[in-house]
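Biologist: Hi! Could you walk me through this model, starting from the inside?

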Amino acid sequence: MHRSKTLVSADCTRRKGIPVTKPARTLKDLRRILPSQKFSAVLRQAEFLDLPIGCAFGTDHTRSELEARFLALLRRHRLPQPEVNVRVDRFVVDFLWRRQRLIVEVDGWESHGTRSAFEEDRARDSRLTVLGYDVLRYTWRRVEEDTAEVVRAVRELLRP
């Protein structure tokens with residue numbers, strides 16, 4: 001807990017009768033004290049939970065550390081920036097290059113390491129392929145250790 005001389009009533013609310021700061025104010029305070037990587041993770045979680053945080057944080061709309069790393073890889077190799085976590089048909093896809101009809105999904109083991117997730121991912125890929133999209137899937141290891149191949153494949157599919 002800390003006390004602030006700049007806290008105004010508009011930054012406050014109550015949760016189960018307990019006075020707390022609103023999500024946007026909490027993030028503003030955390031930005032000053034957390035290392036940038038930790039703050040980015042907190043900000044992604046706030047976005048994922050759809051908390052009312054406003055637009056003051058310039059977010060990249062990623063929902064995981066792996067998504068953030070993939071986006072950084074694209075920037076580092078000067079690849080065109082995709083739409084991030086957008087709806088295509090009945091799915092929210094990680095990365096979309098709409099004009100080229102390319103989708104990239106990045107899969108961490110913690111959310112995709114079960115039989116049902118494996119099956120759902122394949123059904124999803126099939127549906128998106130039927131809709132005319134190329135779908136690439138990359139794991140944490142591939143994004144981190146096989147970057148040349150990841151960049152080559154994305155670049156190749158983005159060519160006009």
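Modeller: In the largest nonpolar core, which has 20 residues, Phe-70, Phe-95, Trp-97, Val-104, Val-106, Tyr-138 and Val-154 touch the most other members. A nonpolar core is a set of buried Ala, Val, Leu, Ile, Met, Phe, Trp, Tyr and Cys residues joined through side-chain atoms within 4.5 Å. Buried means under 20% relative accessible area, with exposed over 50% and partly exposed in between, using a 1.4 Å probe and protein chains only.

Biologist: Which helices and strands each supply at least two residues of this core?
Modeller: They are helix H3 (65–76), strands E4 (91–97), E5 (102–107) and E6 (134–139), and helix H7 (147–158). Helices (H or I, at least four residues) and strands (E, at least two) are DSSP runs, numbered from the N terminus. Another core, of 8 residues, lies apart from it and includes Val-88, Phe-91, Val-93 and Ile-103.

Biologist: Before we go on, where does the model come from?
Modeller: It is a predicted model, so local features need pLDDT of at least 70 and side-chain atom pairs count only at pLDDT 80 or more, while totals for chains, interfaces and linings use all residues. Residues are numbered from 1 along each chain as its sequence is written, and side-chain values use heavy atoms, leaving out hydrogens and water.

Biologist: Back to E5. How many of its residues are buried?
Modeller: 6 of its 6 residues are buried. Leu-102, Val-104 and Val-106 point one way from E5, while Ile-103, Glu-105 and Asp-107 point the other way.

Biologist: What order do the strands take in the sheet?
Modeller: The order is E3-E4-E5-E6, an open sheet of 4 strands with mixed pairing. Two strands pair if DSSP finds at least two bridges between them. The edge strands, each pairing on one side only, are E3 (83–88) and E6. From one strand to the next, the twist averages 45°.

Biologist: How does H3 sit against that?
Modeller: H3 packs on the sheet and touches E3, E4, E5 and E6, and its direction makes about 15° with that of E4. Axes here are lines fitted to C-alpha atoms, for helices over the stretch in contact, and angles run from 0 to 180 degrees between N-to-C directions. Contact means heavy atoms within 4.5 Å.

Biologist: And how do the strand neighbours pair up?
Modeller: E3 and E4 are antiparallel over 5 bridges, with Glu-83 partnered by Leu-96 in E4. E4 and E5 are antiparallel too, over 3 bridges, and Trp-97 stands opposite Leu-102 in E5. They form a hairpin with 4 residues between them, and Arg-101 in the turn has a positive phi of about 55°. E5 and E6 run parallel, joined by 6 bridges, and the partner of Val-106 in E6 is Tyr-138.

Biologist: New topic! What about H1 and H2?
Modeller: H1 (residues 23–33) and H2 (residues 36–48) pack at about 165°, with their axes 10 Å apart. They are therefore roughly antiparallel to each other, a label for angles over 145 degrees, whereas under 35 counts as roughly parallel, 65 to 115 as roughly perpendicular and the rest as oblique.

Biologist: Which residues meet there?
Modeller: Leu-27, Leu-30 and Arg-31 in H1 meet Phe-39, Val-42, Leu-43 and Ala-46 in H2.

Biologist: And how many helices and strands are there in the protein?
Modeller: There are 7 helices and 6 strands.
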